[in-house]
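Dear colleague,

Here is the structure I promised to hand over, together with some notes on what turned up in it. Please read the notes with the model open beside them.

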Amino acid sequence: MKASFWLGLGLCAALASEANAKTLVYCSEGSPENFQPAINTTGTSFDAARPVYNRLTEFKRGTTEVIPGLAESWDLADGGKTITFHLRRQVKFHANKEFKPTRDFNADDVLFSFNRQWKQDNPYYKVSGGKYDYFNDMDMPALLDAIEKKDDFTVVFHLKSPNVAILANLAMDFAAISSAEYADFLLKKGTPEQLDQTPIGTGAFSFVSYQKDAVIRFKKNSDYFGEKALVDDLVYAITPDATARYAKLKAGECHVNGYPRPADLAEMQKDASLKVINLSGLNVAYWAFNAQKPPFDKKEARQALSLAIDRDAIVKDVYLGAAEKASTLIPRTMWAFNDSVPQIPYDVEKAKQMLAAAGVKTPLDIDLWYMPVSRPYNPNGKRIGEMMQADLAKIGVNAKLQTYEWGEYRKRIANGDPVTSQYGWTGDNGDPDNFFFLRGCQGGKPGNSNATKWCNAEFDDLLVKARVTSDQAERTKAYKRMQEIEHDEAPELLLVHSTVYEATRANVEGYKQSPLGTHIFEGVDLK
């Protein structure tokens, strides 16, 4: 390994040699906004916080199967409107230089973690900006009636209506459980925001330090109740450039590379020191039209520009064939996929005709925001943007390419700033609701995850109905109709569902690729 890399991380040789300590290095693609899942929506930030936290329910590693987490069991009553969680005992919280817990995890931590996102009178509600996009976009305020503490190890969720996805939803990152005792300590100290920057949880690894835009360090939690960490130290080497990540992987400077360039895969597969794994992606990439800004307040204009993009060329050039053109938000591998929804063809002449029929004069100037980070569904936003720009020029549309730092990019999309923008999604829980909520509107107002700012009353009604029935046939019927509505209204051009590749060093054992796009390192070892 290159000594300069380890010196750059501030890891001395003694650390690696003491008691044969093992250090696993993950080459991550970006910097986290913070370490509090409740206030995040991106995989980059979730990945950075995930080693620290647990949730009431969890996904079995490498699957979408819901298993016990901090709740060791649960009972459903009242037709699914009442869920009683029986909490795990003797679960230890982490400690740091300032804070040492005086008690184990209990019901107070559950109430604090959810009430922070739900109750405006909670002292942490406005800390770190007070935006809980996932909690709100998953419609939790409308779903929850009360959360009741029966005793220290029994918590009851009272719902206003049954929700068939609730147990899977509670396994998602936004439902991570923080320490109420740590929160009280920081509030009295006058630094409540530290809860979100110096995290304490119950997870397989405890947080050590973060050097902005460079490295995150974690250490093994020897008291962890679940699947153990098999390495002593976990390091995230923040490396936004995909070529640089590959170079570090080849040099042995990192052990896992989550987002390899498709162009590098053939060479990687020939290298005996590496392993390349892949999985059909539970994801979608799309080009969003802001339906609240002209000319995209007209569906005909949205449909016209959709016809102008050669998606086959994008699949060939950017994904090197490792993707399938998308016809609906969900990939065909998911139940409820509507195979009767047709693909959008590439038709330049029809696109011109539709623009003219919609009264849109050319040349037309628009902005086209491209993603600044590599994601499984979009490995090269700039290149896709350049190809789209060239296609649009053929119909008299001048697209100005622009981008921002990832956190700023997301905030501006939530605010509705761009006219058009690249975005995408990797499913969080394996349920179709987790894709369709992206186009949902609450009281006629688009959610922050709705990059299109498009609202449709029939779509929203079906979204709610599909959440409250346990009849999968009825849910499928609703989702299929929603796919038809979205196809007709064209709030976005759905680009692709990608095959997700990851690469590791050959000596990495036990790493399981997740259909949810997460990176989890407990149970992972180095030979």
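A residue is called buried here when its relative accessible area is under 20%, exposed when it is over 50%, and partly exposed in between, with a 1.4 Å probe and protein chains only. By that rule C27, with a relative accessible area of 0%, is buried, and C254, with a relative accessible area of 0%, is buried as well.

Before the rest, a word on the source: this is a predicted model, in which local features need pLDDT of at least 70 and side-chain atom pairs count only at pLDDT 80 or more, while totals for chains, interfaces and linings use all residues. Residues are numbered from 1 along each chain as its sequence is written, and side-chain values use heavy atoms, with hydrogens and water left out.

On the cysteines, a disulfide is taken to be a pair of cysteine sulfur atoms within 2.5 Å, and by this rule the count comes to one disulfide. The link joins C441 to C455, with an S to S distance of 1.9 Å, and it is left-handed, with -95° about the S-S bond. C441 lies in strand β18 (residues 441-442) and C455 in the loop between β19 (445-446) and α18 (457-468), so the pair ties together parts that are 14 residues apart in sequence. C441 is buried at 11% relative accessible area, whereas C455 counts as partly exposed at 31%. The element names used here and below come from DSSP runs, numbered from the N terminus: helices are H or I runs of at least four residues, and strands are E runs of at least two.

Turning to the sheets, two strands are said to pair if DSSP finds at least two bridges between them. Four strands form an open sheet in the order β4-β5-β7-β6, with antiparallel pairing, and its edge strands are β4 (71-77) and β6 (144-151), each of which pairs on one side only. Neighbouring strands of this sheet are turned by 20° against each other on average, direction ignored; axes here are lines fitted to C-alpha atoms, for helices over the stretch in contact, and angles run from 0 to 180 degrees between N-to-C directions. Within the sheet, β5 (residues 82-87) and β7 (residues 154-159) run antiparallel and are joined by five bridges, with H86 standing opposite T154 in β7. Helix α4 (residues 107-118) packs on the sheet, where it touches β5, β6 and β7, and its direction makes about 160° with that of β6.

L111 has its place in helix α4 and is buried, with a relative accessible area of 18%. If neighbours within four places in sequence are left aside, L111 is in contact (heavy atoms within 4.5 Å) with I147, K149 and V155. The C-alpha atoms of L111 and E148 are separated by 8.0 Å, although the two residues are 37 residues apart along the chain.

Further along, strand β8 (residues 205-211) and strand β9 (residues 215-220) run antiparallel and are joined by six bridges, F207 having F218 in β9 as its bridge partner. These two strands form a hairpin with three residues between them, and D213 in the turn has a positive phi of about 65°. On to the next strand, β9 is joined by five bridges to β10 (residues 233-238), again in an antiparallel arrangement, and V215 stands opposite A237 in β10.

A few backbone details deserve a check by eye. The peptide bond between P294 and P295 is cis, with omega about 0°, and P295 lies in the loop between β13 (283-289) and α12 (299-307). A cis peptide bond also leads from T362 to P363, with omega near 5°, and P363 is found in the loop between α14 (348-357) and β15 (364-369). Q90, in the loop between β5 and α4, has a positive phi near 60° though it is a residue other than glycine, and this residue is exposed at 66% relative accessible area.

With kind regards
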